[in-house]
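Morning, everyone. Let me put the model on the screen, and then I'll walk you through it.

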Amino acid sequence: MKKIFLAISKGRIMDEALILLKKNNIECDISPNKSRKLIFKTNYENLNIIVVRASDVPMYIESGKVDLGIVGKDTLLESNVDNYFFLRDLKIASCKLVVAGKKNKKLVSNMKIATKYPNLTQEFFLSKGIPCSVLKLYGSMELAAVLNLSDAIVDLVDTGKTLKENGLEKICLIDNITSHLIVNKSSYKIKKNEINKFITRISAQ
Ligand code: AMP
């Protein structure tokens with residue numbers, strides 16, 4: 001039985017992915033949420049879980065060092081890797097990718113947009129025919145709009161509480177986001193039986 005490596009990022013995706021795996025009787029030897037380890041054995045055949053930062057998942061899959069990844073559609077849209085196949089929309093960690101700003105802001109030419117997604121932001125504004133400049137930030141995008149460091153932000157929204165508590169609102173929706181299961185193209189050829197068996201197992205609910 002060949003080993004399979006599955007990358008998952010810590011946070012909402014990890015929390016919901018562990019619930020999904022547990023529902024299908026797949027559990028880690030130690031909970032990744034209670035340990036600083038980065039590689040975890042599971043009770044399912046030769047499946048190992050690797051803890052990776054969300055934006056690094058596409059790179060690990062592209063390289064083939066890790067076979068499978070559970071990754072947000074936002075991260076896939078932002079990355080420019082293509083050495084993978086999409087396997088399943090796991091419908092976990094769902095949220096919305098939006099443009100947001102202070103009340104009554106509209107999309108206008110040459111807006112400055114703060115985001116951790118510079119590529120998809122440029123593509124979205126280009127598709128609307130609205131030129132913009134992008135300011136790459138690494139956290140708390142909302143603050144950039146509140147302090148007028150930017151005219152608007154592109155960020156994930158779940159309950160909308162963070163926007164509301166900071167006096168911001170959605171300007172427009174870019175996409176609905178969920179986490180997807182992806183696989184490195186060569187891994188899928190070499191470990192097809194193991195991977196298909198794993199997909200069947202986690203799809204059986
Ligand atoms: P909320 O207040 O529930 O709308 O959550 C908004 C905050 O949570 C923002 O800072 C987002 O970047 C972050 N967030 C929302 N949904 C997700 C998700 N699925 N994965 C990671 N971060 C998220």
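First, a term. Helices (H or I, at least four residues) and strands (E, at least two) are DSSP runs, numbered from the N terminus. With that in hand, R53 is in the loop between strand 3 (47-51) and helix 2 (57-63).

Now the ground rules. This is a predicted model, so local features need pLDDT of at least 70, side-chain atom pairs count only at pLDDT 80 or more, and totals for chains, interfaces and linings use all residues. Residues are numbered from 1 along each chain as its sequence is written, and side-chain values use heavy atoms, with hydrogens and water left out.

The overall picture. The chain has eight helices and 11 strands. Its C-alpha atoms fill a box of roughly 55 × 30 × 30 Å along the principal axes. Of the 205 residues, 45% count as buried. Buried means under 20% relative accessible area, exposed means over 50%, and partly exposed is in between, with a 1.4 Å probe and protein chains only.

On to the ligand. Where does the ligand sit? In the largest pocket. Let me spell out that term. On a 1 Å grid over the protein atoms alone, a pocket is an open set of points with protein on both sides within 12 Å along at least five of seven lines; a cavity is a set where a 1.4 Å probe fits but cannot get out, and lining residues have an atom within 4 Å of a point. A molecule sits in either if more than half of its atoms lie within 2 Å of its grid points.

Which residues are around the ligand? R12, A93, C95, E142, D155, L156, V157, D158, T159, G160, K161 and T162. Near here means that a heavy atom of the residue lies within 4 Å. By class, that shell has four nonpolar, three polar and five charged residues. The classes go like this: Ala, Val, Leu, Ile, Met, Phe, Trp, Tyr, Cys and Pro are nonpolar, Asp, Glu, Lys and Arg are charged, and the others, Gly among them, are polar.

Strand 9 (152-157) and helix 6 (161-165) each supply at least two residues of the shell. Strand 9 gives the largest share, three residues.

Next, polar contacts. A polar contact is a pair of N or O atoms within 3.5 Å; within protein, one must be able to donate a hydrogen and the other to accept it, and residues adjacent in sequence count only if both atoms are side-chain atoms. At the ligand, a side-chain N or O atom of T159 is 2.6 Å from a ligand oxygen. A backbone N or O atom of A93 lies 3.3 Å from a ligand nitrogen. The side chain of E142 has an N or O atom 3.4 Å from a ligand oxygen. How much of the ligand is covered? Taken alone it exposes 490 Å², and the protein buries 78% of that. Those areas come from the Shrake-Rupley method with a 1.4 Å probe; for residues, only the protein chains shown count as cover.

Stay with E142 for a moment. Its C-alpha is 9.9 Å from that of E165, 23 residues apart along the chain. E165 lies in helix 6. Buried or exposed, E165? Exposed, at 60% relative accessible area.

Now the buried side. M141 is in helix 5 (residues 141-146). M141 counts as buried because its relative accessibility is 3%. T178 sits in the loop between strand 10 (168-177) and strand 11 (179-184). T178 is buried too, at 14%. N48, in strand 3, is buried at 7%. Its side chain reaches the backbone oxygen of N46 at 3.2 Å.

E45 is not a glycine, yet its phi is positive, about 35 degrees. E45 is in the loop between strand 2 (39-41) and strand 3, partly exposed at 34%. N104 is not a glycine either, and has a positive phi of about 65 degrees. N104 lies in the loop between strand 6 (95-102) and strand 7 (111-115). N104 is exposed, at 63%.

Last, back to R53. R53 counts as exposed because its relative accessible area is 57%. R53 and D74 are 21 residues apart in sequence and 14 Å apart in space, C-alpha to C-alpha. That's my tour.
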